[in-house]
Amino acid sequence: MPGLIGSQGVRPGALNMNRVFRALRYRTEQAQKVTYHRPAIYKTDTYGVPSGSIGSNEILVPDLPAIIRPTVTADYQQERAGNNIIGAARIYTPNITTIKNYANFDQDNNTDFNEIEGWDRLITNYRTIYSIPTKVTGSWVGNGTGVITSDGESVKLTVNSDTSFTHTGNANSLEADRLRFKIRGSGSIQLNNFRSYNGGNKDSTKYIDYNNDNFIPIDNTWLTVDVPFLTGSLLTTGSSIYQTGSRYGVAITTGSGFNVEANSQAFQISFSADNSDTVELKEVEYYKSVSWHVHSLKDMTDGYIIFNCVRTRGRDDAKRRAYD
Amino acid sequence: MAVDHLNIVERKLIDNLRTGTYNTAAGTATAWTGGGGSPPANGEVAVYGQFPTTDETIYPCIIVEMVANGIEQQFMGQDITFGASNTAAKGELYGVGFNLYLMVDRDSSITVGGEPYKERRLINYLMLNGANVLMDCDFSGTTTEVVERHFSGFRDIGYNPDLETWNAMASMVVVFKNNR
C-alpha cells in the first residue's frame, strides 16, 4: 500500500503503541495525555452559514495518549500579510480501534464521535503553572465536619455534613488558560459545580464558576475534568465534562471581582452527598495549553495514527503581565 | 511643536473603528464595540494599528496598516488657510493610504438582531459596517484638517484554510491639509 506507507521507510511492524506511549510518558515529556476537543458544530442556515442552533455538541475528552513532535512550537515573528501559523507538529495517537475502546470515545456511548478529523484539536499541556498540592491535607477544608486525609497522591474528604471541599492558597496563575483536576467519588457523591477564586484577597465576588449539569461520578473511578480558564465569550459557550461518553454541560460565569490575570486564591468543588461518602481530588492544576489543530492525516495504520497539526494562536504572557 | 498629522489621522481612524459608530438619518448607530478581551465578549471587535504579534491576535479583528503617504497636490507658493478662522499657513494637500484587513475565525460570533452571526455572515456584516464607519470617520477635535477620503472597497474576500480565518481587505486614502 504505497499510498499509506509513503516515505516512511522501513515500517516497524505491529507496535504495542500503548506501551510505547506509557514508556515515553513516564520517561520523557514527548508523550503525554492530551485533551481531544471538537468544538460544537452548528447547523447551517439555508445559506450555508452556521446558525445558533447546535447540531452536535462540543466533544471535550481528556486523557488521549499522544506523542507530540513539534517542528515549531511557537513562532514569534510579527504577522505580515496574514502569516499567522505559529507552530507545527506531528502528533501520534493510538490506532482508531484503540481510541474507540476508551469509554468516552466509544461510539456506543458517544454517538457524536466518529474519528479524529480535520480541524479537530488536540490540547496539550505546554506547562503547568500552578499545581494545587494534594499530597498533604494542609489548606484543604470542608464546610462540615468531615475528615480529610491524604495518601500522598490524592486528598480525600469523608463527608460529614459537608457540601464543599476547598483549597486555599495564594499562587500565581497568570499564564494558565486551562484548569484540570481528577475527581473520584464513592457512594452518592454528586458533583454540582466547581470554582476558582482569583483576585486580591479571596472574597465572594472573585470567582469563576463552572456550574456543570449535576452528575454522579462513577464509584471509585477517577474522572478527569479539563476546562478552559479564560473569560469573555466563554461565558456564553461554556464547556463540557464527559463521563463514559455522556456529556454534562458546564455553564461558566464570573463574579464581579474576578480577575483571570490575578493570583489564584482558592479552588473549590461543591457537591451533594450522604454522610460517610468520600470524594477525592488529585492532579489539580492550572496549566498553559497549546491547541494543535489537525490539518492533515499523514498515516493511519493498525498500530498508530499520525496527524500533521498546526497551532494558529497563543499568547505572549510577558506582554500580558506588562499590560495588565 | 512640529506637525504630527500622520499619527493624528492614523489614531483617529483607529479610534473611529473601535467605536464602530456611523451616521444615520436619526443620528448615529453602533455596529460593534472596541474589543481587547481574550477571548472577546459578544459584540467586540479588536482593532490593531499594526499586525499584532502572533500570540496577541484576538478575533474578530480589524488591522489597520499604513502603506503609503505623500504629497497629493501642491499649491502655488504653498500658501494655504485652514480652520474656521482661516489661519494662514504653508502647506499642501497630503495623502495617506491605509490597508484595512478584516479577520474572523471560526469561534467569532456577534449577535445581530438576536441571531449569532458567524463566519461568512459575520465578515459580510463587518465589511459593510466597516465601510459605513470609514465613510463617516470623524476627524474633528484634532489639529488636522481632513479634506477628502477615498475608500476603494473590499477585495480578497474569502476563507484561508491555513489560518482558519475568513478575511477581507480594503484600502482607504485620507487627504488632509499638511499645514505647517
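Two residues count as in contact if their C-beta atoms, placed from the backbone, lie within 7 Å. Keep that in mind for the first stop. This is a predicted model: local features need pLDDT of at least 70, side-chain atom pairs count only at pLDDT 80 or more, and totals for chains, interfaces and linings use all residues. Residues are numbered from 1 along each chain as its sequence is written, while chains are lettered from A and ligands numbered from 1 in the order in which they are written.

**Stop one: chain A**

Select 15–126 + 289–323 of chain A for domain 1, then 128–288 for domain 2. These bounds come from an automatic or database domain assignment. The C-alpha centres of the two domains lie 24 Å apart. Across the boundary, 18 residues of domain 1 are in contact with 18 residues of domain 2.

Now colour β4 (59–72), β6 (121–132) and α5 (317–323) of chain A: these elements each give two or more residues to the domain 1 side. Helices (H or I, at least four residues) and strands (E, at least two) are DSSP runs, numbered from the N terminus. β4(A) gives the most, with 4 residues.

**Stop two: chain B**

Select β4 (residues 44–48) and β5 (residues 61–82) of chain B; they run parallel, joined by 3 bridges. Two strands pair if DSSP finds at least two bridges between them. Find Y48(B), which stands opposite I63(B) in β5(B).

Finish at the hairpin of β5(B) and β6(B), with 4 residues between the strands. There, G83(B) takes a positive phi near 80°.
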